[in-house]
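Hi everyone, thanks for coming.

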Amino acid sequence: DNALTCNGVVVAQGVENMQILYGVDSFVAGAVPPLDGVVDTYKDWSEVLATDSILSVRVSLLVASTEQVRSGDNTKTLNVLDEPIGPAKDRKLRTVYTATVRLHNRCAKYAVTSICA
């Protein structure tokens, strides 16, 4: 049974995959300030060099129905952010949900907060 849990409590049923990318403001040598408050790229945690440069978080979930509802087996590969998943050899209905969240506490220190996302 696939579920997203927190401390043993089910938060979301049917979650088969979760991917997270971090919106990073690139460091510009010699600039004052060296970060401009604009996300330049989204990176995996292992690629983030400085946590102070993270301005947003992008989360993507692959969610499957709990029942076999399709008339035939899945043949499609789904992309969960940068990660191709599948195809699954079952008849469950699958959907990818993605959201990007701006970290207000990080963006507030920049003068251009309106574009900090």
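**A buried arginine and its strands**

Let's begin with R94, which counts as buried because its relative accessible area is 15%, under the 20% cut-off. Please keep in mind that this is a predicted model.

Where does R94 lie? You'll find R94 in strand 8, which covers residues 92-102.

Now for the polar partners. The R94 side chain makes a polar contact with the side chain of D90, at 2.7 Å. There is also a backbone group to look at: the oxygen of K92 is 3.4 Å from a polar atom of the R94 side chain.

And which residues is R94 in contact with, once its neighbours within four places in sequence are left aside? Those are E16, L62, V63, A64, N74, L78 and A88.

Let's turn to the strands. Strand 8 pairs with strand 5 in the antiparallel sense, over 10 bridges. In that pairing, S56 stands opposite R102 of strand 8. Strand 5, residues 54-68, also pairs with strand 3, residues 15-24. That pairing is antiparallel too, with 9 bridges. Here L21 is found opposite R58 of strand 5.

What does the charged end of R58 sit over? The answer is the ring of Y42, with 3.8 Å to the ring centre.

Terms used
Residues are numbered from 1 along each chain as its sequence is written. This is a predicted model: local features need pLDDT of at least 70, side-chain atom pairs count only at pLDDT 80 or more; totals for chains, interfaces and linings use all residues. Side-chain values use heavy atoms; hydrogens and water are left out. Helices (H or I, at least four residues) and strands (E, at least two) are DSSP runs, numbered from the N terminus. Buried means under 20% relative accessible area, exposed over 50%, partly exposed in between (1.4 Å probe, protein chains only). A polar contact is a pair of N or O atoms within 3.5 Å; within protein, one must be able to donate a hydrogen and the other to accept it, and residues adjacent in sequence count only if both atoms are side-chain atoms. Contact means heavy atoms within 4.5 Å. A charge sits over a ring if NZ of Lys or CZ of Arg is within 6 Å of the ring centre and within 35 degrees of the ring normal. Two strands pair if DSSP finds at least two bridges between them.
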